Amino acid sequence: MALVPASSSNLSTAIDKGLIVRPSGVSGLVNSIFVSTATKASRMLVAAASAAVATGEGERWRPMNTVRYLVMLTIWANVWVLRIITDIFPPSPAVLSLLDFGVDGLIDKKPSSSTAIVLHGGSGSGLGANFTAIGRTLSHILVILNELPYTSRKYEFVLGTADRVLTENVQLGHAELLEVNRAVLASAFSRTSELLRRALQRSSSITATWPSRVLSLLPLGPRLATLYDGLRLCLGGLLPSAAVGALRPYKPHRPVTASVNEWLDAEKLAHELLWITNKLRASSAVGEAIVRWAFASGLASLALTAHPRVQGLIVKITVVLLRELARGEWEAAREVRFGILALWLPLLCYASQGVTAPVLTGMERWEMERVIEDLLAGLPLDDQEIILRNWLEDFSASDSDWPNLSRAFDRWCRYARKLLC
C-alpha cells in the first residue's frame, strides 16, 4: 500500500497562500518565551564581551546584572522542560479548544477569550468585527458537544441545541449570521478532526503489539497485522496460557475493554465530524473543510487501520468533500486537489464498505468514480501519474472493486503517448 503525503513544499505554499493556518497554542507560546529569553541572554553576553574587547579589561558586572542573567537562565531552563512536557503529554480537549484559535486567547483578559475564533483565509485576527455573543455561545456549545460522552442523557439535548441555533441562523439569511456559522463550524471542524486523530492514535497504540507493529511496516502490513492480532486472540482462548505466551501483548494486564472504549470515542467524534461537514455544506462554507482535509495526512494514515464503523464515517466525509470540490464553487489550489486525492484514495480502496448496511449505494459509488475522474482531469499529468500509480497498487491489493479508475488511467496513458510521440 502506498500513501503519498503532501510534500513540505506543497504545505509551505498552501500556508503562504492562506489556505491553511499555522498551528498555534501551548507550543507556540512556549517557543516564543524560549526564543526571546535565550536571545536576551545571548545579547547580554555579547554586550559584555564587546565591552571587554573595547576596553581591554572589560567592566565587571554589577550584582543586579548577575541576578538578572541567572533569572533569565532559570526561566529558559524551565520553559525548555515545559516544552518537552507539552510535546509528550498533549493538553486535554478543554485546553485544546481554548488554544485552538491562537495565542491571543491566552493573553486576552476578556471573558470571550476562551472562544476566540480565527477567520480562516482572512486577515488572521482573533475576533471579527461582526462576531457577536451568538457566535461565542455557539462555539461553546460545540466544545461541550466534543467533551460530552455519547452515553450522557444530555448529549442529544446539546446536539439539538447546536442544530437549532445553526438552522435558525441560516433561515434568517443575514450575512452576519452566515459568517458566524462559517467561522464557528470551520473552527469546530479543525478541532474535531484533531481530536479524532488523537483518538485513533490512542486506540492503535493500545491494541497493537510489537509484532503487529513490525508487520504493519511491510507491504500489505495493515492486513497482516490484523490477521496476526485475530490469530493471537483465537489461540489465547483455545490453548493454555503457556502455549501462547509469545503471542501475548507486551502489557497483558491491560483489559481488552480499553480498546473498545477508544473505538467508541473515535466513532462518536467521527459522527460529530460528519455532522459538522453537512452543516458546513448547508452554510455554503465547506471550502475550508476541504483544505483541512487535503492536508490531514496523520488522520488519513490512521484511518486505514481504524474500526470499520469509523472507516465508514470517514469515507462519507471524504465523499461529501470530494463532491463539493468537484462542483467548482471554490477555487481550490493545485496542492489542495492533489492532497485530497493522494491522501484519501487509499482509504476508499481499503475501507470496509459494509455488507448489511453499505456505506454507499451502487449509484453513489458510480457517481464518485465520475467525480474522481473529473478532479484528476484538472491536475497536471505528473500529479495524475503519482495518484494513478498509487491507486493501481492499492486497488490491486485490496478486496474491494471500488473505486475503479480504469477510465482515468487509460485517458492518462493516451495523453502520455501523445507527449512521447
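**Close-up views of a predicted model**

**View 1. Trp391 and Phe395 share helix α17.** Both residues belong to this helix, which covers residues 381-397, and they sit 4 residues apart, about one turn of the helix. Keep in mind, here and below, that this is a predicted model. The ring centres of Trp391 and Phe395 are 5.2 Å apart and their planes meet at 25°, so this pair is stacked. Trp391 is buried at 4% relative accessibility, and Phe395 is buried too, at 18%.

View 2. Tyr150 is exposed, having a relative accessible area of 56%, whereas Tyr155 is buried at 4%.

**View 3. Phe189, Trp293 and Trp344 form a cluster.** Ring pairs are what link these three residues.

**View 4. Helix α14 is mostly covered.** Take a look along residues 308-326: this helix of 19 residues reaches 26 Å from its first C-alpha to its last, close to the expected 27 Å. Of its 19 residues, 14 are buried. Just past the end of α14 you will find Gly328, which has a positive phi of about 80°.

**View 5. Ser283 sits in a loop between two helices.** The loop joins α11 (257-282) and α12 (287-294). Ser283 is buried, with 11% relative accessible area. Beyond its neighbours within four places in sequence, Ser283 touches Val170, Asn181 and Leu185.

**View 6. Ile144 is found in helix α6.** This helix spans residues 133-147. Ile144 is partly exposed, at 33% relative accessibility. Its C-alpha lies 9.4 Å from that of Leu159, a residue 15 places away along the chain.

Key. Residues numbered from 1 in each chain as written. Predicted model: local features only at pLDDT ≥ 70, side-chain atom pairs only at ≥ 80, totals over all residues. Heavy atoms only, no water. Expected span 1.5 Å × (residues − 1). Buried < 20%, exposed > 50% of the residue type's maximum accessible area, 1.4 Å probe, protein only. Contact = heavy atoms within 4.5 Å. Phe/Tyr/Trp six-rings, centres within 6.5 Å; stacked < 30°, edge-to-face > 60°.
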